[in-house]
Amino acid sequence: MISNHITAPSHMQGGTRRAGVMTDVHRRFLQLLMTHGVLEEWDVRRLQKHCYRVHDRTAAVEELEDFINNINSVLESLYIEIKKGATEDDGRPVYALVNLATTSVSKMASDFAENELDLFRKALELIIDSETGFASSTNILNLVDQLKGKKMRKKEAEQVLQKFVQNKWLIEKEGEFTLHSRAILEMEQYIRETYPDAVKICNICHSLLIQGQSCETCGIRMHLPCVAKYFQSNSEPRCPHCNDYWPHEIPEVFDPEKEREASTSKANRKSLRSRQH
Amino acid sequence: MLQKPESGALPILRAEGEKDGGRDGETQALAASQEAASPLLQETPGEHLGARREEGPAEPALAPRGARTLAAKASARRRAYRRLDRTVAELVQFLLVKDKKKSPITRSEMVKYVIGDQKDLSPEIIARAAEHLRHVFGFELKQLGRKQHTYILINKLKPLEEEEEEEDLGGGGPRLGLLIMILGLIYMKGNSARETQVWEMLRRLGVRPSKYHFLFGYPKRLIMEDFVQQRYLSYRQVPHSNPPECEFSWGPRSNLEISKMKVLGFVAKLHKKEPQHWPVQYREALADEADRARAKARAEASMRARARARARARATETAGISPW
């Protein structure tokens, strides 16, 4: 299979930066990443290997970080990039293709009606304002009367919320909703610009914070995976800002190897428990 | 083997409205922040410095006012180019999104929603967007008919072979395992299983329909939507059932991608027995294997026949052209 080694014509390149080389391997990767919306790192690695297998069997698989940086240098002139983030609850690395500029085109980029988008906006606001990063289903549904566009009933709104969950914009846990890592990756800039006063920031990584732990004395906040990394093997965790004792349970640092082992034993343990009742 | 369905795109965070009119307060705020504050839409510091360096050498040769006018013109030109680049980028995103829904795009839509008052530059904007789509994503912007000004995106990447398609992601491992468990249950229950039976089996494994699972995400969505949409499972209401019940059976894709014998083998291993332990299912699986072997032989034979026909055609062609 002959790969297409063509660099971007010079008038396409933004500024003086030299864009990377795009081959069908990279194009297939982009197409599939777009299809999935957001992917966990191990999925991304499989995807990358798949693309090499399909389009360039003989080539050595480039290191993922370099591979992505290469593609991003080409995407720069399109104001999009492959962004890496982490799930807020357990720090799993995730990747998504995000817009760098929230332009008016976003409004076309949707499978949702006007009232559905407004519902999302309302849920987003409740989530950002909340202390825990979660908004209860009840509180969100109570706002259906205020939605723009066609009138929506609560029953319908429940289904729309499920649609958001299915499309990985929201996560539901026990009747409460928070942002999916995809939404955080895609909308961080928009959220910081639109809600500059209400938005919470992590003291460690300085990124948008929806879920996390906070210091009860001085109020600074940290993502759970940031807490895990910061206090790793520290028997007396103290607030990095006010030095007061850190009162919360320190989570474990995400380890992809341990995760895969645990998956089988976890399933066994769970089924044992349910049988005992 | 498993493919994720297309996820819905970004929920619209701005109110509906055309690009140049009908902006409400919210969109205006965002537009203002884009044009003024957002550092990402302005030149990056490096570029900016580079630009100033370009202007530098020209200045000393002119009178101060002349230099300022030149500089102003140059920066206005740069702003115009940047604006053009941004519009091209927006059009690329617009086309990608529209194509995702598989709806053709008209030139007037492009003007209405993206190009706006840069309408005069439409041909150039569309051409550049098309070039980006080809170079970066491997899509061709194809016009349907010469007069209609309607376009679709065609995937220029080579189509996947059957084996390649199987590996096209989806979190293969765990989700595949879940699917096979369900296919196994269906098979052992005589090629269809009630929905309640499926959820009962999964519950015993600690998998609940609407509870987020760290391996499968939301199992209900994975099974009822993904697997069904991808044709791994078929789902229907059991006729004349009261209260109405639904049942699962193997979908057409499962029949193509996996065999009854393989699934029986999996079930057998799970129970630490031999496949022959279930004589009915074993006989059925054997018959299925025989069918598959016959179908494969037929396909191969017809391929060989076609290849022979092509070779013969080529031979007669060249015979006509050859000089002797």
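Predicted model: local features only at pLDDT ≥ 70, side-chain atom pairs only at ≥ 80, totals over all residues.
Biologist: Understood. Is A:C215 buried or exposed, then?

Modeller: A:C215 has a relative accessible area of 4%, so the residue is buried.

Biologist: And which cysteine sulfur is closest to that of A:C215?

Modeller: That sulfur belongs to A:C218, at 3.6 Å.

Biologist: Why is that too far for a bond?

Modeller: A disulfide requires two cysteine sulfur atoms within 2.5 Å, and the 3.6 Å between A:C215 and A:C218 is therefore too far.

Biologist: How many disulfides are found over all chains?

Modeller: The search of the whole structure finds zero.

Biologist: Let us turn to the strands of chain A. How many bridges join β7 to β8?

Modeller: Four bridges join β7 (residues 170-173) to β8 (residues 176-179) in chain A, and the two strands run antiparallel. Within this pair, A:I171 stands opposite A:T178.

Biologist: What lies between β7(A) and β8(A)?

Modeller: Two residues separate them, and the strands form a hairpin. In the turn, A:E174 has a positive phi of about 50 degrees.

Biologist: Now chain B. In what order do the strands of the open sheet stand?

Modeller: The order of the three strands in chain B is β4-β6-β5, with antiparallel pairing. Strands β4 (193-194) and β5 (233-237) of chain B are at the edges with a single partner strand each, so one side of each has no neighbour in the sheet.

Biologist: Which residue stands opposite B:L233?

Modeller: It is B:W250 in β6(B). Five bridges link β5(B) with β6 (residues 246-250) of chain B.

Methods
Residues numbered from 1 in each chain as written. Chains lettered and ligands numbered in written order. Heavy atoms only, no water. Pairing = 2+ DSSP bridges. Buried < 20%, exposed > 50% of the residue type's maximum accessible area, 1.4 Å probe, protein only.
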